[in-house]
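Good morning, and thank you for the time. Please look at the sequence and the model on the screen before I turn to the pockets and the elements around them.

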Amino acid sequence: MPEAPPLAVTGAVLDRETVGLRCEGGAIVALGPGVAPEPGDETIDAAGAPLVAPLVNGHTHAAMTLFRGYGSDLPLMRWLREAVWPVEEKLEPEDVYWGARLACLEMIRNGCTAFWDMYWHTSATARAVGDSGLRATIGTPLFDVNGGTEKMQEAALESVEELAAAGPMAHASLTPHSIYMVSEELLRWTAETAAERDLPIHIHLSETEQEVVDCLDRHGVRPAAYLDRLGLLGERTVLAHGVWFDQDELELVAERGCTAVANPVANMKLAVGGVLDYRAARDAGVRVGLGTDGPGSNDSLDLFSDLKVFALVQRHASGDASVIPAREAWAVATGGVELGVGGPADFLLLKAGAPELSLGDLYSDLVYAASGSVVDTTVVAGRVLMRGGEVPGGEGIVARAAERACRLGID
Ligand SMILES: [Zn+2]
């Protein structure tokens, strides 16, 4: 996508104050009550629409939109073995591209502007991200339980190199699938390579109780301690799930500065028996994010619905309605980003007349009453990706993704 022309927004409401905003070169250059358009600016009259930071999907497998609703009543291992894996063997980059375009379309519509992705054919996902105008950190899944360690290392490095050339919106990461699908050797290599090349690590961890039992059995320690022993825990490590972390693991994860990403809807759909304990994680000092997990196992990419479930399940499980104030829950879903001058020009304008947002505290409404349908305008790097609820070219993307799913025999 070409660089966006300067953009000015007038009449937006930020924390009950009417403000203007200007973006240039992909960044916010002015924000406040007196900010007005300059000659040559593209202009949006927000007409009283709330202005908020966008959502960040901390864990997904975007192109799995293709698998949505396919074999979804099967238990996890049968779903993978009978529905997902046989089809994944036939995947071509073009399938992944259109599956990821569909995911990006949904995320734009639902106000999510950045995501952390783990899936095959990473350069196809990167192309989809670039063409959609979103941001993503992408990695190819690594696993070598049945051998092939060297092949995996080559695939990871190839992906990292391709992504380095994929443009400014897609970033590379190393994404070992999990401690049960990846050998100790490949995990150590991941830690060393991430340190050498300054790459983030993104891994599924402590998703099922069985994983913890097996880890104790094989390695004598719980999953987070095992990863720490191999050097994988650091400030750029994202741990998806963390359902079964105990207190020592939470303290370790906090000390190392990792981010734990809760995926409560996927956890409940796959019936893993729990969700990340937010209060324990927060009190230990862990940075917590929110993810959908793959659209094959959620099945929605509307992070608003995950946010509501996340807040509800924390309240319900703790028996404490004050365990996560709405504004704090919102901050989890947005990665704690506050809009400000010098920051990236990524923001949302919500529907000015949305009934769900018309009364009461905005953040409480956003967490408990809203869905992604309250998003009117999505802007990333100063580019308007959706305006008035319309994403240009959206219908064509849906049709192409359906064609690819049909080709794969999923319908
Ligand atoms: Zn996942």
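The largest pocket has a lining of 36 residues, and those nearest its centre are Leu80, Trp85, Glu88, His177 and Met181. The model is a predicted one, in which local features need pLDDT of at least 70 and side-chain atom pairs count only at pLDDT 80 or more, while totals for chains, interfaces and linings use all residues. Residues are numbered from 1 along each chain as its sequence is written, and side-chain values use heavy atoms, with hydrogens and water left out.

A word on terms. On a 1 Å grid over the protein atoms alone, a pocket is an open set of points with protein on both sides within 12 Å along at least five of seven lines, whereas a cavity is a set where a 1.4 Å probe fits but cannot get out; lining residues have an atom within 4 Å of a point. Volume is the space filled by probe spheres set on the points, which are joined across faces, edges and corners.

By that definition, the largest pocket holds about 1,100 Å³ of space. Two elements give two or more residues to its lining, helix 1 (76-88) and helix 6 (209-219). Helices (H or I, at least four residues) and strands (E, at least two) are DSSP runs, numbered from the N terminus. Helix 1 gives the most to this lining, with 8 residues. By class, the lining has 17 nonpolar, 12 polar and 7 charged residues; here Ala, Val, Leu, Ile, Met, Phe, Trp, Tyr, Cys and Pro count as nonpolar, Asp, Glu, Lys and Arg as charged, and the others, Gly among them, as polar.

Which residues lie nearest the centre of the second largest pocket? They are Val56, Trp116, Thr137, Val238 and Thr259, from a lining of 31 residues. About 760 Å³ of space lies in this pocket. Among the elements that give two or more residues to its lining are strand 6, strand 7, strand 13 (237-241) and helix 12 (326-333). Strand 15 gives the most, with 4 residues. The lining divides into 16 nonpolar, 8 polar and 7 charged residues.

An open sheet of 4 strands runs in the order 6-7-8-10, with parallel pairing; two strands pair if DSSP finds at least two bridges between them. Its edge strands, strand 6 (55-60) and strand 10 (170-172), each pair on one side only. From one strand to the next, the twist averages 15°. Strand 7 (residues 112-118) and strand 8 (residues 135-139) pair in the parallel sense over 5 bridges.

Another open sheet of 4 strands has the order 12-13-14-15, again with parallel pairing. Strand 12 (201-205) and strand 15 are at its edges with a single partner strand each, so one side of each is left without a neighbour in the sheet. The twist here averages 30° from one strand to the next. Strand 13 and strand 14 run parallel and are joined by 3 bridges.

Finally, the helix pair. The axes of helix 2 (residues 93-109) and helix 3 (residues 122-132) come within 8 Å and cross at roughly 40°; axes are lines fitted to C-alpha atoms, for helices over the stretch in contact, and angles run from 0 to 180 degrees between N-to-C directions. The residues of this contact (heavy atoms within 4.5 Å) comprise 9 nonpolar, 2 polar and 4 charged.
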